[in-house]
Amino acid sequence: VFAQCLSYALIGMQISSSRSVAGISGRTMVLQATMLCLRLTSTLFMDGYLPLDKTGDMVYQVADICTLLMVLKILHCIFKTRRSTHNAAEDTMDVKNMVIGCVLLAVAVHPSLNDWASFDIAWAASLYIDTVSLLPQLWMSSKLGSVPAFTAHYLAATFVSRIFSALFWYYGAENIARFSGQGWACPSAAMIVLAHLAATFV
C-alpha cells in the first residue's frame, strides 16, 4: 500500500512541476478512485481482508485513505484546473462497462472472509477493478507513443505494489482454499490468485 501511495505522489509531483496533466489517464484515475472506495467500504468496517498482525490496525486503511485523497486531487486537476492540458482525444477507453462487469463478477465469485456478503462483494469488486485499472493508461500511452518520466515511475511503483500484494494474497488464497475443503478448486481462491497475476503482468 505504501508503494501505491508513492506511485500517486509521483503523479502529483509531475503535475506540480509541469503544470500539466498530459500523459495521465483520467479514466485510470476514475477506476482507482472507485477501487479504493470499494476496498475501504470493506476494510474500514470489517477485518477479514486485513493482516492479522498490528499492521492491520488502521495502517492499511490510513494508507488507502491517503491514496484516495491523492487520486481525488489528481482527478480535480485532470477535469478542472488543468483540463486544457489533458489528452482527452487519446483517453477514450470505456470504463463504465468495465466497472459493471467487475461488480457482476464480484457478485458471482467472492471470498467470504468477512462472513457478510455485501462487504465481501465490495472487496472482491475492488480487486477486479484494480486488475483492469491500468488498461486505460496503457491504451492512452500506446496512442500517444510516449510516456512522461513521472508517469513511467508511477507505473513502476504500481508494479512493485502489485507484486507485494500478489505475494500476500497468494498465502491468503491458500488459506481460503484449505478452509473451503475444495483446495485450489475453490472459485474465490483461484480468482484472487488469477486477478493478482493479471494485475501484476497486464
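**Notes on the predicted model**

1. The crossing of H2 and H3 is left-handed, a crossing being left-handed if the near helix is turned anticlockwise from the far one by less than a right angle, and right-handed if clockwise. Helix H2 covers residues 26-43, and its axis lies 9 Å from that of H3 at a packing angle of about 150°. That angle makes H2 roughly antiparallel to H3, the word applying to angles over 145 degrees. Axes here are lines fitted to C-alpha atoms, for helices over the stretch in contact, with angles running from 0 to 180 degrees between N-to-C directions. Helices are DSSP runs (H or I, at least four residues) numbered from the N terminus.

2. This is a predicted model, in which local features need pLDDT of at least 70 and side-chain atom pairs count only at pLDDT 80 or more, while totals for chains, interfaces and linings use all residues. Residues are numbered from 1 along each chain as its sequence is written, and side-chain values use heavy atoms, with hydrogens and water left out.

3. The structure holds one salt bridge, defined as a side-chain nitrogen of Lys or Arg within 4 Å of a carboxyl oxygen of Asp or Glu. Arg39 and Asp64 form this pair, with their closest N and O atoms 2.7 Å apart. Arg39 is buried at a relative accessible area of 16%, and Asp64 is buried at 3% (buried means under 20% relative accessible area, exposed over 50%, partly exposed in between, with a 1.4 Å probe and protein chains only).

4. Leu44, Phe45, Met58, Val62, Ile65, Leu69 and Leu72 make a nonpolar surface patch of about 650 Å²; such patches consist of residues with over 30% relative accessible area and no salt bridge, nonpolar side chains being joined within 5 Å. Ile65 belongs to helix H3, residues 59-81, and is partly exposed, with a relative accessible area of 33%.

5. Arg19, in the loop between helix H1 (2-18) and H2, has a positive phi near 55° and is exposed, at 57% relative accessible area. Asp115 sits in the loop between helix H4 (96-108) and helix H5 (117-132); its phi is also positive, at about 55°, and its relative accessibility of 69% counts as exposed.

Methods. Patches are made of residues with over 30% relative accessible area and no salt bridge: like charges are joined within 9 Å, nonpolar side chains (Val, Leu, Ile, Met, Phe, Trp, Tyr) within 5 Å. Accessible areas come from the Shrake-Rupley method with a 1.4 Å probe; for residues, only the protein chains shown count as cover. Helices (H or I, at least four residues) and strands (E, at least two) are DSSP runs, numbered from the N terminus. Angles under 35 degrees count as roughly parallel, over 145 as roughly antiparallel, 65 to 115 as roughly perpendicular and the rest as oblique.
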